[in-house]
Amino acid sequence: MKLFRVCLTSLLVLAVACGGDSTSPEAPDAGQPRPDAGVGVPDSGSEPTDAGSETPDSGTETPDSGTETPDAGTETPDSGTETPDAGSETPDAGGPADANVIDNGGFEEWPGALPALWSGSTTNIEEVVQKVTSQPFEGVNAAQLINTSSTHRRFSTAAKSMPAGRYSCTYQARGTGDVRNGFFGTDFSSYSSYTSVDTRTWTQVSYTFNLANSVFDTFELIFSVRNTSGDHLLIDNVRCVRAPEPCDAVSCEAWARCDNATATCQPLSGRCEDAMDCSEWQACDATHTCVTAEDRCTRHADCAGTPETPVCDTASHLCIEGDPCAGVTCSNPATSCNPTTGVCELAEGACFTTYDCRGALPACDPATRRCVAAEHSANIIRNGGFENWSTRAIPYYGNHYVPDDWYGLDNGIADPGTELKPSRLARYTSAVHGGSAALQFVVPIQIAERFTTEKFNVPTGDYSCSYRVRGHGSIRHRSYSSGGWSPQTDFLTVDSDEWQPVFFRFTGNVRDWRLFFYPSRSVADRDHLQVDDVVCTKD
C-alpha cells in the first residue's frame, strides 16, 4: 500500500511536469494543431518566445536588397542623370563650367531680333545679325554675320566687368568671309590678324589678349568682319578663359596690390605697411600713406612752425636758417613773395580778375591789377552801386523814383526789358556793401519778374562780373544782347544779413547788352531783398 502511494505521487508529479491533464485549458487537445513557428502563440512556458516573435525573420528587420540597399536604378544615378554629358556639367577643354567669361557664347538665348547679351555699344554692323538653326556647332542656334563690304564692321558682346589677366579665346566659324578680334576696355585694343574663312564645315579660330587692368562695366569682345558672301560668316561656341594667376587666391588691403611673381601683397606707390616702405624723410601714417615726417619738410611752408629755421632744404628735407623769398622775383605786379611759403602769390588788395575781389572793393582794375570800388571807371555797369537815383516817367506807371541807368524798358519779345513794377523798388541805406546806398526789392510775389539795366554796347573781350545780395528771398540773373540770351541760372535762396557775392562771366563784342535780375518771394523779416555793387570788368 505504501508502495502504491509512492507510485501514485510520482505519477502526479510527472503529469504536472508534462503540462497537466487532458482537461487543462492551457493545453490543446489531440485534435488541435500546435502553433507554428511563425505565430506569436507562446508555448507552455509563457516567457520564452519562439523564433517567430522576438527574433525577426529576414523579411522584417533585416531589409532586403530592394528596400534599404538601393538598386542601381534608384540611388546610384545612371549616366544620363547625375553624371552630366559633355555638353552640360562636365566642361570641355575650355575649363570648368564657370570659366567661360563670355555670356551666351553659344547664342542659345535669343529672345528677340538679337541674341541676349550681345550687340554692345561698339557694334556697328549694318545688317541685322541673323539666327541660324541649321547645323549649328552645338545647341540649336548659331549667329550669322553679314558684311559684304571690304570695310570692316564690328559685332560685340554687351558691356561687362572683367578682372585683369591673360585670356585665351576660341570660337567656331564657317561660311565665307574675313574675321578678326579685338576688345574695348576703356579704349579700343589693337586687332588680331584677319582669318579668312571659306568652308562649309566648322573651323576653330583662336584669339588671346592681355587685360592689364581690371575693367568695370565697359569690356566688350569684338568680332570685326568683312568680305562675307554666300552663307556669309557663321560663328558659334564663343569661349574665353582667364589663365589662373598666383594672386587669384591672395586678398590685399586697399593700400596694397598682389605681386604675381611672389604672390604677396606689396604697397602701392606712395603707400606703406611701415616706415621702411617710405623715403627716409617720411613716416607711414595710420592710413598706410607715406607722409612728411614731423621734423622734416618738402616746402618752406612746412618750416613755418620754426621761425628761426624758415627755409626747407629740399636736398636733406630739413628746416634751416635763411629767407624763403631770397632769390624769388615776382614778374606780375599783382603778386608778391609770401615770406612763409617763398612763392609768388596774389598780393593783398591785388587781382587778376574781379573774381579775386571778394572784400569791400568788388571790382578789378585791369590797368593796375588792384581791387577798386564799384564806381571805378573799370566797371562797365553804370551806377552799379545804386548811388544815383532820380524821378522819371515810367510808361503806364507814372513818375517814380528809380536808380539811374536801370529800369530798361520792355519793347517786346525781341527787345525785352523791365516788367517789375517800379513801386517794388526802393533806395536802401540801412545796410550797404559799398558807398551810401543799395537797391531794395520788395517782391513778396511768387512769380519772378524781370528788372534790367538800360542796354549798352560791350567791346570785344572776356568780362568777369559779380554782385552782392542779402536779405530774405530768391533771386537769379541772366543777360541778353545781339548775341542772344545767356544760359539761365538757378534761383539763389537768400536768408542772411551778410552780403553774399555772386560771380559770373560773359564774352563781349555785342550790341544792346543788358543784365537782368529776377527777384521773388521776399520776406519782411530781413527787409526783403537788397542788391549792391553790380560790377563787370574786362579780364
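Analyst: In this predicted model, Asp415 and Lys455 form a salt bridge in which the closest N and O atoms are 2.8 Å apart. The two partners come from distant parts of the chain, 40 residues apart, with Asp415 in the loop between strand E20 (398–403) and strand E21 (425–428) and Lys455 in the loop between strand E23 (451–452) and strand E24 (456–458).

A second pair is made by Asp103 and Lys160, whose side chains meet in a salt bridge with an N to O distance of 3.3 Å. Here too distant parts of the chain are linked, since Asp103 belongs to the loop between helix H1 (2–17) and strand E1 (130–132) while Lys160 is in strand E4 (residues 160–162), 57 residues apart. Asp103 is partly exposed, its relative accessible area being 36%.

The side chains of Asp539 and Arg505 also meet in a salt bridge, at 4.0 Å from N to O. Because Asp539 lies in the segment after strand E29 (529–538) and Arg505 in strand E27 (residues 492–507), this pair ties together parts of the chain that are 34 residues apart in sequence. Asp539 is partly exposed, with a relative accessible area of 34%, and Arg505 likewise counts as partly exposed, at 47% relative accessibility.

Beyond these pairs, Arg470, Asp495, Asp497 and Arg526 are linked in a network of salt bridges, and the count for the model comes to 17 salt bridges.

Asn147 is found in the loop between strand E2 (142–145) and strand E3 (153–156), and with a relative accessible area of 8% it is buried. A polar atom of the Asn147 side chain lies 2.8 Å from the backbone oxygen of Thr151. Leaving aside residues up to four places away in sequence, Asn147 touches His152, Arg153, Val225, Arg226, Asn227 and Thr228.

Notes: Residues numbered from 1 in each chain as written. Predicted model: local features only at pLDDT ≥ 70, side-chain atom pairs only at ≥ 80, totals over all residues. Heavy atoms only, no water. Helix = DSSP H or I, 4+ residues; strand = E, 2+ residues; numbered from the N terminus. Buried < 20%, exposed > 50% of the residue type's maximum accessible area, 1.4 Å probe, protein only. Polar contact = N/O pair within 3.5 Å; in protein donor to acceptor, adjacent residues only side chain to side chain. Contact = heavy atoms within 4.5 Å.
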